[in-house]
Amino acid sequence: MEVAEVSKFLAHTTPFDQLAEGQLADLAAALNVYYCQAGETVDNSTENLLIVRTGIYALYSDQQQLLTKLEEGDFYGYQLLLTGLADNDQLICEEDGLLFWLPATAFHQMRYQYKNIDIFFQRLFGRRLHQYKEQQGSRFTLKVSDIAQARKIAIHGEQTVQAAAQLMTEKRVSSLLIEQDERLIGILTDRDLRSRVLADNLPAATPVKEVMTPKPQTIDKHAYLFEAVQLMSRFNVHHLPVMDQGISYGMITTTDVIRSQQDHPVYLIGEIHRQTSIDGLEHCSMQINNLALILGKQQVPAYEAGHIITTITDALTQRLIKLAQIEFGPAPCVFSWLCFGSQARMDQSINADQDNALLLEKEPSGEIGEYFAKLADFVCQGLARCGITLCPGNIMASNPELRMSLKGWSGKFARWISSPTPDAILKSSIFFDMRVVEGSKGLFNALQHDILARTNQSLFLLQLAQTALQRTAPLSFLKNFILEHDGKHKKGLDLKKRGISLITDIVRVYALANGIQEVNTRQRLERLAADGIMETKDTQNLSDAFDILAQLRWDKHLHDISQGHEASNLLDPAVLSGLQRHQLKDSFAVINGAQSSMKHRYCREM
Amino acid sequence: MFGWLQKNPELYAEILTFNQVALPSADTPARECRYLVLDLELTGLNAKQDHIVSIGWLPIVEQHIRLSEARHYLIEAPVSVGQSAIYHGLHDSDLKDAQELADVLQFLLKQYPGYIFVAHHCRLDRAFLQIAFQRHFGKAPRMLFLDTLNIEYHRLQKLGSRLATDALRLPQCLARHHLPVSAQHHALEDAYGCALLFLSQLKKSHSAITLGDLQLHSR
């Protein structure tokens, strides 16, 4: 028997408003009602459709990113119901309220019975995939139908394995769909023929039915490609029958997937290491923007994308060093190729320039000096041709002042640390984020160890902190955005100078003060929290703010390059959604807070 | 009375069977118990003279209201519903689908042994049910009742709120808990409202609250 209060609500909620009275009553009678309290994490692991009756619920991605807020009449749980794939999202109640749970059986029954309701939830699911970023511009995500061949090669289950093998040979495929009464009942692969027929010495007349893999995992033609990849890796299978409205349509294999992912970073990096000339490397590097766009389509979060872009710069550098050694002969002494700044922090963006140097085992005089001058020039010019522009500040190994022995570097850092004039700090802070790309790790470790043993000096930290305080987040007293010109572009927010950099600067001060070896900002924050140097709450806030800013910049860059422009850090806040604007302001507020804590800690009067 | 027993030994046995299922002990965490939230519509307030017009109920298991088990029964009137018809919006003509009270009560006994009963201002509901069981079954079952009205009173007292007249009526309670307020004087709608209120009360009390605590608060 229905509760009128419940069915009345459903009658006003899309898509149930299309149901007739009796059907609404059935739906209402299938629900379970739960009262959720603010702060409670909603259990979303069960196969239930969640219908929000009252209250507010915040949905966070596994990256702790706020995706959306659910309110009256909103749904959740349809992804698991429709695809069987759980997400790692977290649903947290922000304001007390009532939740309706519709069990899976009732949900599916309704879906099969009412096409419109099925379509509604399919669309909702489609939109959810894009919820990750609400974005401007056109970007599509590869779907199964984009790559699955519309070629159905099937055999009846009662046929013999020999007939199956002949069909596979004839059609040049590694797998077959097995059907009976026009329904998919299993699949048969090369491997099944080998391990279940030949290895077991079964006769050629064995029916396919007996050796096939019954009830295989399948994927809908309209599903996204990454879902297919997820299914394949989750169930460790290489073949997925593709279904179109419940009828088999074709087969998708891991090879198909790999072929479609030619611009995947793994392939590009492999390609880079196979090149024998700068021309070849330059050609490879032209795929970087394309790769970035593909990463964007695949919803790769910004920090991962930054990591991938850095890995490619590393690969280009490593290959150029190899090519230089082929051209100029082996190095006369042990060396370390160093990188600084964002490349060192592994959060490089697509518009980054070069920041590198050479650390040498021996003094760079005579032949040694000449050799490394040639090598550095070769590599830096090579990188420039590959789109990683020359450093305007001349922080490059091609600069003779930046090719030094351990003693030379150690002395240089010691001077920066012991006599920290504001000007010296401003110029040198980038060097303190340092990583070895190629060459000797031992040599590099010796230098890093030497530096970190010195950095806990209050005068140095004071200057470093004051430098980090010179720029502030672009938030006015009244919490409005402060826009600025950068010369050639329009007004906007500089996401790097007024955001990301402020966080890396703050985190660097803490890391150097505490001798922390990590260079990546997220990893530094994790260490600072683990070592009890900063409150976990604060490091998490900073890390979140960093992610949000990096994500906005990444999205902006993708948008720019997809429009054929150069990637710019200047963001017009007018293009942001309400949620993004809110997140951005929150992030700036976090920066303000972190700056004042740092000031309190490292800038006290001496 | 004995003559009655001989006539209805089966019904009497139902009561005994119901009583055999142990109720949770007083130290059981309240959130783990099973509840049957119910509401009666009556022809008057005197349990000895007046009659049950309708019964609505829904169970709560693991803090979830199971709407699949929501029930609403109109009860066959032994006499005309008469003057109180305006009060609960039912007329004799509506009662033609009505059930016999004994059948409804028998179903209740079968389905919900071991459940704790919950009602808003439960005293009246309990008195009517007890008399009905006495009449039809020869004995009232052992029923444990919680009262959302008294629980609410206790809660507000503890918060130090000043209580306006009517503050403890079900619609006012629901509004206070920001819960949807449904049509009044329909046994199932009111039982649903009471169930929502009870879920909210469970959440608003400390997480380890026991059945015994709620029994105290129900007084």
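Two strands count as paired here if DSSP finds at least two bridges between them. With that in hand, welcome to some close-up views of this predicted model.

**View 1. Strands E9 and E10 of chain A pair in the antiparallel sense.** To find your way along the pair, pick out A:Leu176, whose bridge partner in E10(A) is A:Leu188. Both strands belong to an open sheet of 4 strands in chain A, ordered E8-E9-E10-E11, and the pairing in this sheet is mixed. At its edges lie strand E8 (154-156) and strand E11 (213-214) of chain A, each of which pairs on one side only.

**View 2. Strand E13 of chain A pairs with E12(A) and with E14(A).** Strand E12 (residues 219-220) runs parallel to strand E13 (residues 239-244), with 2 bridges between them. Here A:Ile219 sits opposite A:Val242 of E13(A). Strand E14 (residues 247-253) runs antiparallel to E13(A), joined by 6 bridges. One handy landmark is A:Leu240, which has A:Ile252 of E14(A) as its bridge partner. The hairpin of E13(A) and E14(A) has 2 residues between the strands, and A:Gln245 takes a positive phi near 50 degrees there.

**View 3. Helices H24 and H25 of chain A cross at roughly 135 degrees.** The axes of H24 (residues 536-562) and H25 (residues 578-602) come within 9 Å. Why is H24(A) oblique to H25(A)? The crossing angle is roughly 135 degrees, and that makes the two helices oblique to each other. The crossing is left-handed. On the H24(A) side, look for contact residues including A:Leu542, A:Ala545 and A:Leu549; on the H25(A) side, they include A:Leu584, A:Ser587 and A:Ile591. By class, this contact has 9 nonpolar, 4 polar and 1 charged residues.

**View 4. Chain B meets chain A through 21 residues of chain B and 17 residues of chain A.** On the side of chain B that touches chain A, the elements giving two or more residues are strand E3 (64-66), strand E4 (71-74) and helix H8 (187-204) of chain B. Which of them gives the most? That is H8(B), with 7 residues. The chain B side divides into 10 nonpolar, 7 polar and 4 charged residues.

**View 5. A strand of chain A pairs with a strand of chain B.** Strand E1 (residues 32-36) of chain A runs antiparallel to E3(B), and 3 bridges join them.

How values were computed
Residues numbered from 1 in each chain as written. Chains lettered and ligands numbered in written order. Predicted model: local features only at pLDDT ≥ 70, side-chain atom pairs only at ≥ 80, totals over all residues. Contact = placed C-beta atoms within 7 Å. Nonpolar A, V, L, I, M, F, W, Y, C, P; charged D, E, K, R; others polar. Axes fitted to C-alpha atoms, helices over the stretch in contact; angles between N-to-C directions. Parallel < 35°, antiparallel > 145°, perpendicular 65-115°, else oblique. Left-handed = near helix turned anticlockwise from the far one by under 90°.
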